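Biologist: Could you take me on a close look at one part of this model, and then show me how the rest of the picture builds up around it? I am new to this, so please go step by step.

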Amino acid sequence: MLKISDLKVSYGMIEAIKGISFEVNNGEIVTLIGANGAGKTTTMHAISGLLKPRGGSITLDGTELTKLPPHRIVSMGLAQVPEGRRVFAQQTVEENLALGAYSRKDKNETASDLTEVFTLFPRLLERRKQMAGTLSGGEQQMLAMGRALMARPSILLLDEPSMGLSPLLVSEIFHIIEEINRKGTTILLVEQNAKRALAIADRAYVLETGLITLSGTGSELANDERVKKAYLGG
Amino acid sequence: MKTKKKLPALMSAKYRGRTASYGCVLAGWLILEVMMHTGNLSSLFTSLLVPVCCYIVAAIGLNLNVGVSGELNLGQACFMSVGAFTAVCLSGSLARTIPAPLPRLILSILAGALIAAIFGILIGIPVLKLEGDYLAIVTLAFGQIVKSLITNMYLGVDENGFHFSFVDNQVNMAPGGKMLLNGPMGATGTERISTFTAGVILILLALIVVYHLMYSRSGRAIMAARDNRIAAESVGIGIFKTKMLAFAVSSCLAGAAGALYGLNYSTLVPAKFDFNTSILLLVYVVLGGLGNMTGTIVATVVLVLLPELLRSMQDYRMLIYAVVLILIMLLTNNETLKTWVQKLKKRYTAKGGTAHDTES
Ligand SMILES: Nc1ncnc2c1ncn2[C@@H]1O[C@H](COP(=O)(O)OP(=O)(O)O)[C@@H](O)[C@H]1O
Ligand SMILES: [Mg+2]
């Protein structure tokens with residue numbers, strides 16, 4: 001459903017993505033792993049329209065995305081959970097979630113999605129009147145994910161959801177990602193935590209300084225010597 | 001009595017803010033009207049009523065732009081200028097066609113607001129697409145440009161229509177014509193049709209518009225874009241559109257405020273709306289609290305009146321003004337004081353809550 005071909009993205013003179021191609025099929029969990037600075041966030045931002053690529057194409061169900069502004073891309077069913085828990089700190093949990101549905105036309109049906117988000121993240125229900133800025137790191141990550149789900153996306157992009165969380169919370173977040181996928185949402189997951197990401201991924205790609213160097217199923221890459229050495233600590 | 005206690009518990013925070021603003025304005029209006037009619041208001045104060053209303057309206061608009069939308073604007077006075085001179089020229093040229101002052105005042109304010117909003121939109125189109133504090137620089141420059149333009153503009157009207165020039169002696173008019181703009185001397189011979197009541201109504205309208213916007217879907221989008229640009233874009237908020245909405249409304253309110261201001265004086269010089277005035281408006285907004293409209297109203301009233309009250313102190317006037325500014329800044333940013341106010345608030349709402357519980 002999502003197809004990236006020969007994508008190139010630059011920051012001024014610096015070429016951060018040097019021509020990568022990959023695809024995400026309907027219903028899959030696909031992960032993009034790579035070290036810090038490999039270009040994972042840059043790729044995500046190019047897909048969701050926050051950055052304009054210098055070359056290549058990105059299509060969602062056949063529609064070219066590279067010329068569209070971010071809000072159009074969201075309303076086409078592609079939502080991103082940006083890196084670093086970007087919540088609207090000065091608004092309540094509930095207001096954050098309401099903003100997640102900002103791009104939707106069927107305002108009356110958002111209530112059932114809200115219930116679904118609260119079932120997925122019961123902690124958000126307890127804290128729904130609380131200012132988002134006062135939530136813990138894990139809760140903010142859940143809020144950012146819940147907010148993206150309120151757009152009722154067909155494909156969800158997650159940028160390092162486990163960053164800076166305790167191991168217990170990391171497990172919880174990964175379980176929830178699988179749960180979201182089981183309910184029918186396709187997932188593109190970017191992670192530095194390669195072990196966890198490969199464990200839940202159908203397919204995976206390795207990104208190194210702006211180029212895709214390896215690809216395969218999740219278990220293939222998890223057992224690949226090069227991946228083991230570089231990303232799985234031996 | 002009991003119903004009074006009940007109110008705070010029933011009202012959510014946003015309605016409390018609104019009620020405070022409207023209450024503040026209406027109470028002020030009532031008190032001043034009574035004082036005026038009983039002859040208890042000095043002529044100095046009476047002369048300040050309309051300008052204070054104008055500054056309040058411009059500051060409320062600026063707070064939407066700076067506080068709610070988070071863009072720095074250093075040229076709010078210049079949008080007042082655009083509104084003021086538009087209104088003065090229109091009112092002057094319509095004096096014969098519409099002799100009644102009230103419809104002419106309303107029409108002129110609408111025109112001033114509209115033209116200022118158009119200028120705002122024209123500036124916003126290139127600038128708000130950029131990330132960063134470009135609006136500050138551009139509004140600053142715009143202020144200088146508008147001031148220079150009006151300072152060098154000569155405009156007259158006679159039976160043949162408008163005559164316009166940038167050189168004094170080239171405005172050739174038929175006898176009986178009337179000069180609307182006289183270069184550095186600005187507009188002279190304006191019929192003074194502004195009233196305090198019009199000022200109060202304008203403040204109320206500004207509050208209605210701004211609060212309606214703040215607590216609507218668009219308002220939450222504006223604040224989201226301010227709080228976190230990337231997250232806002234990721235949920236599908238058009239950053240440019242939201243910032244433009246806030247900036248255009250802000251310019252529009254400044255234009256309306258300027259129009260009322262211009263029609264309150266028989267002469268109006270373009271130098272009146274210079275950089276200092278823009279900065280003063282910004283001071284009212286910052287001291288009143290970003291996003292806090294009641295605070296803006298109070299800060300504007302205090303800081304416009306203060307220099308006038310200190311007039312008798314002559315040389316020390318601006319010194320005391322500066323000291324008071326610094327003190328307010330220190331006090332409003334003082335942590336102990338803030339927590340103390342918070343505690344008071346909590347106790348107040350807790351009391352309201354129990355009163356409500358026992359009732360129901
Ligand atoms: N705003 C920026 N300006 C210039 N260079 C940037 C910017 N953002 C990222 N980069 C560079 O692009 C490369 C990829 O960064 P990024 O996509 O954030 O990596 P990752 O998310 O994989 O850690 C890095 O070399 C980084 O320094
Ligand atoms: Mg990154």
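Modeller: Let's start with E28(A), which sits in the loop between β2 (14-24) and β3 (29-33) of chain A. Keep in mind as we go that this is a predicted model. Is E28(A) buried or exposed? Its relative accessible area is 12%, and because the cut-off for buried is under 20%, E28(A) counts as buried. To see what lies around E28(A), set aside its neighbours within four places in sequence; the contacts that remain are N181(A), T186(A), I187(A), D202(A) and R203(A).

Staying in chain A, let's move to the ligand. The residues surrounding ligand 1 are Y11(A), A16(A), A35(A), N36(A), G37(A), A38(A), G39(A), K40(A), T41(A) and T42(A). Sorted by class, this shell has four nonpolar residues, five polar ones and one charged one. Helix α1 (residues 40-47) of chain A gives the most to the shell, with three residues. Some of the shell residues can be followed down to single atoms. In G37(A), a backbone N or O atom lies 2.7 Å from an oxygen atom of ligand 1, and for a backbone N or O atom of G39(A) the distance to a ligand oxygen is 3.0 Å. With T42(A) the side chain takes part: one of its N or O atoms is 2.4 Å from an oxygen atom of ligand 1. Taken alone, ligand 1 exposes 560 Å², and the protein buries 60% of that.

Now over to chain B, where another loop is worth a visit. L128(B) is found in the loop between α5 (101-127) and α6 (134-151) of chain B. L128(B) is buried too, with a relative accessible area of 3%. Although L128(B) and F240(B) are 112 residues apart in sequence, their C-alpha atoms are 5.9 Å apart in space. Not counting residues up to four places away in sequence, L128(B) touches E71(B), L135(B), F240(B), K243(B), M244(B) and F247(B).

In soluble globular proteins, nonpolar side chains tend to be buried together. The largest nonpolar core here has 90 residues, and I60(B) and M80(B) touch the most other members. Helix α3 (residues 43-68) of chain B supplies the largest share of this core, 16 residues. Beyond its neighbours within four places in sequence, I60(B) is in contact with I203(B), A206(B), L207(B), V210(B), M293(B), T296(B) and I297(B). A second, separate core has 47 residues, including I29(A), M145(A), L189(A) and L198(A).

Technical notes:
Residues are numbered from 1 along each chain as its sequence is written. Chains are lettered from A and ligands numbered from 1 in the order in which they are written. This is a predicted model: local features need pLDDT of at least 70, side-chain atom pairs count only at pLDDT 80 or more; totals for chains, interfaces and linings use all residues. Side-chain values use heavy atoms; hydrogens and water are left out. A residue is near a molecule or strand if one of its heavy atoms lies within 4 Å of it. A polar contact is a pair of N or O atoms within 3.5 Å; within protein, one must be able to donate a hydrogen and the other to accept it, and residues adjacent in sequence count only if both atoms are side-chain atoms. Accessible areas come from the Shrake-Rupley method with a 1.4 Å probe; for residues, only the protein chains shown count as cover. Helices (H or I, at least four residues) and strands (E, at least two) are DSSP runs, numbered from the N terminus. Ala, Val, Leu, Ile, Met, Phe, Trp, Tyr, Cys and Pro count as nonpolar, Asp, Glu, Lys and Arg as charged, and the others, Gly among them, as polar. A nonpolar core is a set of buried Ala, Val, Leu, Ile, Met, Phe, Trp, Tyr and Cys residues joined through side-chain atoms within 4.5 Å. Buried means under 20% relative accessible area, exposed over 50%, partly exposed in between (1.4 Å probe, protein chains only). Contact means heavy atoms within 4.5 Å.
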